[in-house]
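Here is a short report on one structure, written to be read alongside the model. Please keep the view open as you go.

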Amino acid sequence: DNSSIAFDQDGDAITIGHGGLSFSTSNTVDIGIGYDVDLGLFSGGLSYDYTTDEESVVGLSTTLSQFGANLDAELSWNINDSNVDAKLGTGYAIAGIDGSVTSNWDVDDFSYEGMDIDAGYTWNVSDNFSVRPNVTMPVDEDWNRGDLIAGVSIKITFGSTSTE
């Protein structure tokens with residue numbers, strides 16, 4: 001019930017997790033280790049990535065969620081390059097429809113790096129199967145719109161998710 005396997009075609013990212021602990025790899029990360037905890041109103045996590053460029057990146061994330069709205073903050077520090085990046089986002093989900101706006105910042109240079117605007121709809125086909133078509137629109141640091149990216153997420157759950 002607490003185990004997961006996820007694959008994201010963008011960057012060939014694979015993540016295997018159990019409970020709050022996860023291990024990942026992708027085109028840019030040789031090995032990633034993360035731990036997430038959910039405290040109801042707040043959730044957060046710590047991560048470490050060893051990249052294909054032989055660099056170490058430490059990350060910290062936190063989310064505040066209430067009534068379908070959430071506020072996300074993520075900070076990552078590339079120890080080798082002394083580079084610190086941040087993402088700040090907000091989103092809302094109700095009746096399967098969701099949307100979010102995430103801004104990207106280079107903290108050590110204090111510069112705006114762009115943002116991503118995302119919208120989607122989750123169709124719960126059954127208790128164990130859902131499909132989420134979605135679209136993302138990137139905006140660069142000069143406020144120019146990038147190419148729209150459309151995708152489909154499929155979630156399949158094996159076994160019971162109830163905690164009775």
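Predicted model: local features only at pLDDT ≥ 70, side-chain atom pairs only at ≥ 80, totals over all residues.

The side chain of Asp-118 meets that of Arg-132 in a salt bridge, with 3.0 Å from N to O. This pair links distant parts of the chain: Asp-118 sits in strand β10 (residues 111-121) and Arg-132 in strand β12, 14 residues apart.

## One arginine, one network

Now turn to Arg-132, which is itself buried, with a relative accessible area of 18%. Arg-132 also forms a salt bridge with Asp-98, where the closest N and O atoms are 2.6 Å apart. Asp-98 lies in strand β9 (residues 97-106) and Arg-132 in strand β12 (residues 129-139), so this pair ties together parts that are 34 residues apart in sequence.

Asp-98 is buried too, at a relative accessible area of 16%. The count of salt bridges comes to two, and shared partners join Asp-98, Asp-118 and Arg-132 into one network.

## A nonpolar patch on the surface

Let's move to the surface. A nonpolar patch there has about 990 Å² of accessible area together, and its members include Leu-21, Phe-23, Ile-31, Ile-33, Tyr-35 and Val-37. Leu-39, Leu-41, Phe-42, Leu-64 and Leu-71 also belong to the patch.

Which strand gives the largest share of the patch? That is β4, with four residues. Both β3 (21-25) and β4 (29-38) supply at least two residues each. Ile-31 has its place in strand β4, and this residue counts as partly exposed because its relative accessibility is 39%.

Note on methods
Residues numbered from 1 in each chain as written. Heavy atoms only, no water. Patch = residues over 30% accessible without salt bridge, like charges linked within 9 Å, V, L, I, M, F, W, Y side chains within 5 Å. Areas by Shrake-Rupley, 256 points an atom, 1.4 Å probe, with all protein chains shown as cover. Salt bridge = Lys/Arg side-chain N within 4 Å of Asp/Glu carboxyl O. Buried < 20%, exposed > 50% of the residue type's maximum accessible area, 1.4 Å probe, protein only.
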